[in-house]
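Here is a short briefing for a first look. Keep the sequence and the 3D view side by side as you read.

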Amino acid sequence: MKKLEGVIPPMVTPFGPDGSLDEYNLTKLVHFLSERVHGLFICGSYGNGPLMSVEEKQRVIDVVAKTIAPAIQLVVHVGATNVRDAVTLARHAEGAGAATVSSVVPYYFHHTRESIKLYFERLVQAVKIPVYAYNNPKFTGVAIDVPLLQELADLGVAGIKDSSFDIMTLANFVHKIRRPDFDVVLGTEAMFLYAATIGVRAFIPGLGNAFPEICMDLHEAATTFQMDRARTLQARVNELRDIMYLAKSTVVAVYALLRIRGVCDAFPREPFIALSDREMAAMREELLKAGFVE
């Protein structure tokens, strides 16, 4: 199995001010990122996936798959509250040409470990492309641990995207899962330097939507062990993350950053509230002070 490699931003889904899917700006964003990153992770948290219907996500998959450059890895998040929707999305993604599908544990209800295993077993059985688990305890309320992940790996799950923000959790996934081809991917830009030192070779940075260049530079420096440069870049990335938090939501912040940089005129879906012109101006001022925009 080919593992994921490089910078794979969790692409936001552009919506219009009325909340409808904005295919023009979606296509524009895919073109922008296809020239600057190694892959795209779509329909996840940043992509407003839980706020879209199955049919809307299928449309996003189709538009992205048709637009994306051939060399770019396409990863589709298919997580749902139920097996049927997750399987429907996974099969649609496979048919559209996705390289990989990924899923959080089924959310909203509190499920047993056996139910979680059943959910992932059905996904693995439904498609021939790799299925990755997605560990996001903050959003799902469930923290995948090593014993559960080993059971998922034994069922055929090919890897994990870890968004625990815990370096020891990540390290345990890397070192303790007993399968040599099992892939561990970092779900944030906040600590890629440290992840790279334990062998992680792909990360999924929200900042990569609007600032893919610095994420690519960080990946290159960290994976080629240019340690002084990598430390400097990691500090700059985290400085940029601090500016993101002015928006109180990193999801909302990315939409604002895309508009500030002139990449596309995208809006999140309600109940997310886009930044006001005043808030955008304040964020732009901080970016200017820090040297991230001119």
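The points below cover helix packing, salt bridges, backbone geometry and the surface.

This is a predicted model, in which local features need pLDDT of at least 70, side-chain atom pairs count only at pLDDT 80 or more, and totals for chains, interfaces and linings use all residues. Residues are numbered from 1 along each chain as its sequence is written, and side-chain values use heavy atoms, with hydrogens and water left out. Helices (H or I, at least four residues) and strands (E, at least two) are DSSP runs, numbered from the N terminus.

**Helix packing**

- Two packed helices are described by the angle between their axes and the distance between the axes.
- Axes are lines fitted to C-alpha atoms, for helices over the stretch in contact, and angles run from 0 to 180 degrees between N-to-C directions.
- Helix α3 (residues 83-96) packs against helix α4 (residues 113-126) at about 25°, with the axes 9 Å apart.
- That makes α3 and α4 roughly parallel to each other. Angles under 35 degrees count as roughly parallel, over 145 as roughly antiparallel, 65 to 115 as roughly perpendicular and the rest as oblique.
- Helix α10 (residues 227-244) packs against helix α12 (residues 277-290) at about 160°, and their axes are 10 Å apart.
- α10 and α12 are therefore roughly antiparallel to each other.
- The crossing of α3 and α4 is right-handed, and the crossing of α10 and α12 is right-handed. A crossing is left-handed if the near helix is turned anticlockwise from the far one by less than a right angle, and right-handed if clockwise.

**Salt bridges**

- The structure holds 16 salt bridges. A salt bridge is a side-chain nitrogen of Lys or Arg within 4 Å of a carboxyl oxygen of Asp or Glu.
- One of them joins R269 to E56, with the closest N and O atoms 2.8 Å apart. This pair links distant parts of the chain: R269 lies in the loop between α11 (250-260) and α12, E56 lies in helix α2 (residues 54-67), and the two are 213 residues apart.
- R269 is buried, at 12% relative accessibility. E56 is partly exposed, at 23%. Buried means under 20% relative accessible area, exposed over 50%, and partly exposed in between (1.4 Å probe, protein chains only).
- R231 and D228 meet in a salt bridge at 2.5 Å, N to O. Both lie in helix α10, three residues apart, about one turn of the helix.
- R231 is partly exposed at 44%, whereas D228 is exposed at 57%.
- R236 and E239 form a salt bridge, with the closest N and O atoms 3.0 Å apart. They too lie in helix α10, three residues apart, about one turn of the helix.
- R236 is partly exposed at 25%, and E239 is partly exposed at 32%.
- E35, R36, E213 and R261 are linked in a network of salt bridges.

**Backbone geometry**

- Most residues other than glycine have a negative phi, and most peptide bonds are trans.
- The peptide bond from E270 to P271 is cis, with omega near 20°. P271 sits in the loop between α11 and α12.
- N48 is not a glycine, yet it has a positive phi of about 60°. N48 lies in the loop between β2 (39-42) and α2, and it is buried at 1% relative accessibility.
- F225 is not a glycine either, and its phi is positive at about 60°. F225 lies in the loop between α9 (212-223) and α10, where it is partly exposed at 47%.

**Surface**

- I167, M168 and Y194 form a nonpolar patch on the surface, with about 290 Å² of accessible area together.
- Patches are made of residues with over 30% relative accessible area and no salt bridge: like charges are joined within 9 Å, nonpolar side chains (Val, Leu, Ile, Met, Phe, Trp, Tyr) within 5 Å.
- Accessible areas come from the Shrake-Rupley method with a 1.4 Å probe; for residues, only the protein chains shown count as cover.
- M168 lies in helix α7 (residues 167-176) and is exposed, with a relative accessible area of 51%.
- F165 is in the loop between β6 (159-162) and α7. F165 is partly exposed at 46% relative accessibility.
- F165 and V83 are 82 residues apart in sequence and 27 Å apart in space, C-alpha to C-alpha.
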